[in-house]
Amino acid sequence: MKSKVYFTREITPEKVLELYQLLGKKLYGNIAIKVHSGETGNQNFLRPEFWKPMIDYVGGTVVECNTAYEGTRNTTEKHKKTMEEHGWNRYFDVDIMDEEAPDMVLPIENGKVIKENYVGSHLANYDSMLVLSHFKGHPMGGYGGAIKQLSIGVASSFGKAYIHGAGDPKEIWTSDHDSFLESMADAAESVVNYFKGNIVYINVMKNMSVDCDCCAEAEDPCMEDIGMMISLDPIAIDQACIDLVYAATDDPGQAHLLERIESRNGVHTIEAAAELGFGNREYELIEVE
């Protein structure tokens, strides 16, 4: 059965909320709202004002985890300061989930590469999750979307190094590349299983640079904005984004973004995730005016 992906070409804060209401999935209990806080200096990340109507509607807590590399988000103290400077604290309760040790360890029974996932210990405080993703390129993964938010995004600082290193944190930047991509899929599956389907995914195809929001010095966007989508399936929503990039043949920036995705074998993350079975690459794209 194909997964449903609702899509709109209109990119506004109000339309995000309309998509959520159209999906009809009610998140319950303590809701973790996973965002990308944005590295200091990055010009492309989606600001808190963009997400405000959506977050206000569902309630919940904006969550992040520390990075595994030098920058302004690799310690809790610096990360909190960055989130405050970027305005997240102005509107929402914010939780750095790996602020307190030890990490929570999620099992990965059928993992291709890794058998456990180290996530922020505060994940235990939440009953459901809203994954708000900015779709764009990525220097290592080729692209960033819902699967990356579930895996690298929810992983603790140590967990990020563990995924990047395909099970060996010392190999964070030197592991076999496809094994790293498969480790992301493995880690994402563990988060999906933890929440037992109580997750909603929103991808926004805006400010699409070849670089991630984790880059302090990122290229400016190379493609025109395409739209937004929502789904209960993280694999389908990422596949739909990739397909829309391929479909944008009249966009002069398409080749640059596709070179980034293809040179990093970005689609392999989706392939590996689909083989694990926590989603579907086959989808029905339902366009919303």
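**Exercise 1. Decide whether asparagine 207 is buried or exposed, and describe its place in the chain.**

Step 1. Asparagine 207 has a relative accessibility of 19% and therefore counts as buried, where buried means under 20% relative accessible area, exposed over 50%, and partly exposed in between (1.4 Å probe, protein chains only).

Step 2. Asparagine 207 belongs to the loop between strand E10 (199-205) and strand E11 (227-231); helices (H or I, at least four residues) and strands (E, at least two) are DSSP runs, numbered from the N terminus.

Step 3. The phi of asparagine 207 is near 50°, a positive value in a residue other than glycine.

Before going on, note that this is a predicted model, in which local features need pLDDT of at least 70 and side-chain atom pairs count only at pLDDT 80 or more, while totals for chains, interfaces and linings use all residues. Residues are numbered from 1 along each chain as its sequence is written, and side-chain values use heavy atoms, with hydrogens and water left out.

**Exercise 2. Find where alanine 166 lies and state its phi.**

Step 1. Alanine 166 sits in the loop between helix H6 (157-164) and H7.

Step 2. Its phi is near 55°, which is positive although the residue is not glycine.

Step 3. With 22% relative accessibility, alanine 166 counts as partly exposed.

**Exercise 3. Work out which side chains arginine 73 meets through polar contacts.**

Step 1. Arginine 73 is placed in the loop between strand E3 (61-64) and helix H3 (76-85), and at 3% relative accessibility this arginine counts as buried.

Step 2. The side chain of arginine 73 makes a polar contact of 2.8 Å with the side chain of glutamate 39, and one of 3.3 Å joins it to the side chain of serine 37. A polar contact is a pair of N or O atoms within 3.5 Å; within protein, one must be able to donate a hydrogen and the other to accept it, and residues adjacent in sequence count only if both atoms are side-chain atoms.

Step 3. Not counting residues up to four places away in sequence, arginine 73 touches several residues, including His36, Glu64, His79 and Cys214, contact meaning heavy atoms within 4.5 Å.

**Exercise 4. Describe the surroundings of threonine 8.**

Step 1. Threonine 8 is found in strand E1 (residues 3-8) and is buried, with a relative accessible area of 0%.

Step 2. Its side chain reaches the backbone oxygen of valine 288 at 3.2 Å.

Step 3. Leaving aside residues up to four places away in sequence, threonine 8 touches Lys15, Leu19, Ile226, Gly227, Met228 and Val288.

**Exercise 5. Explain why the buried residues of helix H2 are said to line one face.**

Step 1. In helix H2 (residues 48-58), the buried residues are Pro48, Phe50, Trp51, Met54, Ile55 and Val58.

Step 2. Viewed down the axis of H2, these residues fall within an arc of 125°, so they line one face of the helix; the arc is that of the directions from the helix axis to the C-beta atoms.

Step 3. After H2 comes glycine 59, with a positive phi near 75°.

**Exercise 6. Classify two aromatic pairs.**

Step 1. A pair of aromatic rings is described by the distance of the centres and the angle of the planes. Rings of Phe, Tyr and Trp (its six-membered ring) pair if their centres lie within 6.5 Å; planes under 30 degrees apart count as stacked, over 60 as edge-to-face and the rest as tilted.

Step 2. The whole structure holds 9 aromatic pairs. In one of them, tryptophan 88 and phenylalanine 92 stand 6.4 Å centre to centre with 40° between the planes, a tilted arrangement.

Step 3. The ring centres of tyrosine 194 and phenylalanine 195 are 5.0 Å apart with planes at 85°, so this pair is edge-to-face.

Step 4. Tyrosine 194 is partly exposed at 28% relative accessibility, whereas phenylalanine 195 is buried at 2%.

**Exercise 7. Identify the residues with the most contacts inside the largest nonpolar core.**

Step 1. A nonpolar core is a set of buried Ala, Val, Leu, Ile, Met, Phe, Trp, Tyr and Cys residues joined through side-chain atoms within 4.5 Å.

Step 2. The largest such core has 51 residues, and Leu123, Met205 and Met229 have the most contacts inside it.

Step 3. Helix H8 (residues 234-247) gives the most to this core, with 8 residues.
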